Amino acid sequence: MGSMTEAVGSAAPLIPAATNPMVTPLLTDLYQFTMAYAYWKAGKHKERAVFDLFFRKSPFGGEYTVFGGLEECIRFVANFKLTEEEILYLQSVMPGCEDDFFEYLRAVDCSDVEVYAIPEGSVVFPKIPLMRVEGPVALVQLLETPFVNLVNFASLVTTNAARHRIVAGNSKTLLEFGLRRAQGPDGGMSASKYCYIGGFHATSNVAAGKLFGIPLRGTHSHAFVSSFMNPNEILDKTLQSHDGSITCKDFVNLVQTWLSKLQHSDSLHGLFGDTNQSELAAFISYALAFPDNFLALVDTYNVMRSGVPNFCAVALALNELGYKACGVRLDSGDLAYLSIETRKFFRAIEKEFNIPGFGETSIAASNDLNEETLDALNKQGHEIDTYGIGTYLVTCYSQAALGCVFKLVEINKQPRIKLSEDVTKVSIPCKKQCFRLYGREGYPLVDLMCGVNEPPPKVGERILCRHPFIESKRAYVVPQHVEELLRCYWPGKSHEAREKLPSLQETRDRCIEQLRKIRPDHMRRLNPTPYKVSVSGKLYDYIHFLWLNEAPVGELQ
Ligand SMILES: Nc1ncnc2c1ncn2[C@@H]1O[C@H](COP(=O)(O)OP(=O)(O)OP(=O)(O)O)[C@@H](O)[C@H]1O
Ligand SMILES: O=P(O)(O)OC[C@H]1O[C@H](OP(=O)(O)OP(=O)(O)O)[C@H](O)[C@@H]1O
Ligand SMILES: O=C(O)c1cccnc1
Ligand SMILES: [Mg+2]
């Protein structure tokens, strides 16, 4: 693809359909079709319109957002075509509409639509168009709902994942465990995909592993532990050593021997007595099934008096056969305290039995984790290496929606504005180009919108950046680096080169890289500094000219 110009017809088959087969041209609001009809009736449907897709406020009380969902929008556009069945259905729900309208719909595709967008996985800010969509007004109108739908949750949950990632710290492994709690199958699949982009390392969602190639990870549940009664029920007790040189005929017995050594060891003396034997049976069975991948959920009965000693007995028996146990998961109680006590136990074993590395055996924690609990754990000090996070992450519990909108900014080359009593809701008119201006320290200073015909900002040249609505807020900026934000992802009939859709991995890398580039005070959880989003002097004047032109003058009596 690269810089070559491609006709849409030849490019379309290269782009697969949207991931979810429910994403069809009918996945829109009825009013998009009724408006399309009214545009058509008025002979206006082919008028060229420009819409911006943007949000007004970053979620979760933060000052940044990560853009997700672009690839799905492009897949949708590339394959946009109403089927005969869909046309017949529309005809049935829009009685009285002329047949010729449905003839028009039959022929419609997105070959005359242009989509410019900020690359997916980028850090983005309020009011800046994430996507600029241009094309025949009736058609682009039909795209509003699916585009906003595809971007809203994707960006929200990517941002949520990124926020969890930032609080947890870069050294921690983050697992997304949310499928069972997600808002339905699409909520679950989307969450797995976008949490990965936002910086999670793996998911428990097998379908997402297969479909998106996301690494899969998992432990086991309490049911597995409580389903066992005692070690006597284990029938096949044999385990070959890691290198195949020894066959241990009675692994259960080897584990019992180690448990007894632990019970009588000097450093662990008095920490625990008899452990739960049904739990031990479960751990042994899991180790026999996965000797290379043994991990144990240690909180079913009692973490320090049973789960951890039982895990260690199995891990030491495995160690004798040349295997290395993976670790434990804590799923209840005070996770800071329990992780610290567990670590002490592991370190004591490393010392007493001279097993290098045992002290660093991995400790995973789960159970209703969210940004606040991660933050609290950090403040208290803990020994957790891996977090498994479900409900709060995938449902975006602390904010239900991002609130993306899709607003008309130009029609027939005439800039349009949407006024509101609430100044934050006034839309920014004109077909715009957008830039990120970087300062001397390498951080972005400001995002700047200006009309497409204005000269772009230049490195080393002073430019006036104005708050779009507040007259007194303005600053001269001398950028050290200028980044054009909107790129062409769907050229329509223009001769622009089409940006290649990156792989999931590339999008994830971009997200991680971009988050590193933002000044830390914009990223902090409490009272972050707002990032400056501005317009050029010329665009400022135009907004206010249009505003005064369109707003009726009140009359007082
Ligand atoms: N040290 C800690 N600091 C702050 N929050 C913690 C800490 N340890 C655990 N939590 C959180 O406290 C909450 C404990 O919830 P809850 O009381 O329902 O669980 P539990 O009784 O430990 O477990 P369960 O009910 O599943 O047996 C969870 O949200 C957990 O993430
Ligand atoms: O807590 P979340 O962030 O949603 O993470 C996923 C949770 O799902 C599993 O148990 P589940 O909640 O099904 O059962 P339990 O917590 O009642 O044991 C797991 O043990 C976690 O606790
Ligand atoms: O693998 C796990 O431990 C897991 C997966 C989903 C939900 N809770 C835990
Ligand atoms: Mg739970």
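Predicted model: local features only at pLDDT ≥ 70, side-chain atom pairs only at ≥ 80, totals over all residues.
The C-alpha trace spans about 90 × 55 × 55 Å along its principal axes. If you colour by burial, 43% of the 557 residues count as buried. Contacts between residues 24 or more positions apart make up 73% of those in the chain with a separation of 6 or more.

Next, select ligand 2 and the residues around it. There are 14 of them, and those that come nearest are Phe-177, Asp-331, Ser-366, Gly-390 and Thr-391. Two elements each give two or more residues to this shell: strand E13 (386-389) and helix H15 (391-394). Colour the shell by residue type and you will find four nonpolar, six polar and four charged residues.

Now move on to residues 48-55 and 404-411. These are strands E1 and E14, which run antiparallel and are joined by seven bridges. Show side chains here: Leu-53 stands opposite Phe-406 in E14. As you look along the pair, remember that side chains in a regular strand alternate between the two faces of the sheet.

For the last stop, follow E14 onward to strand E15, residues 414-415. E14 and E15 pair in the antiparallel sense over two bridges, and Glu-410 has Pro-415 in E15 as its bridge partner. Which residue of this hairpin takes a positive phi? Select Asn-412: its phi is near 50 degrees, in a hairpin with two residues between the strands.

Methods:
Residues numbered from 1 in each chain as written. Chains lettered and ligands numbered in written order. Buried ≥ 20, exposed ≤ 12 C-beta atoms within 10 Å, placed from the backbone. Contact = placed C-beta atoms within 7 Å. Near = placed C-beta within 6 Å. Helix = DSSP H or I, 4+ residues; strand = E, 2+ residues; numbered from the N terminus. Nonpolar A, V, L, I, M, F, W, Y, C, P; charged D, E, K, R; others polar. Pairing = 2+ DSSP bridges.
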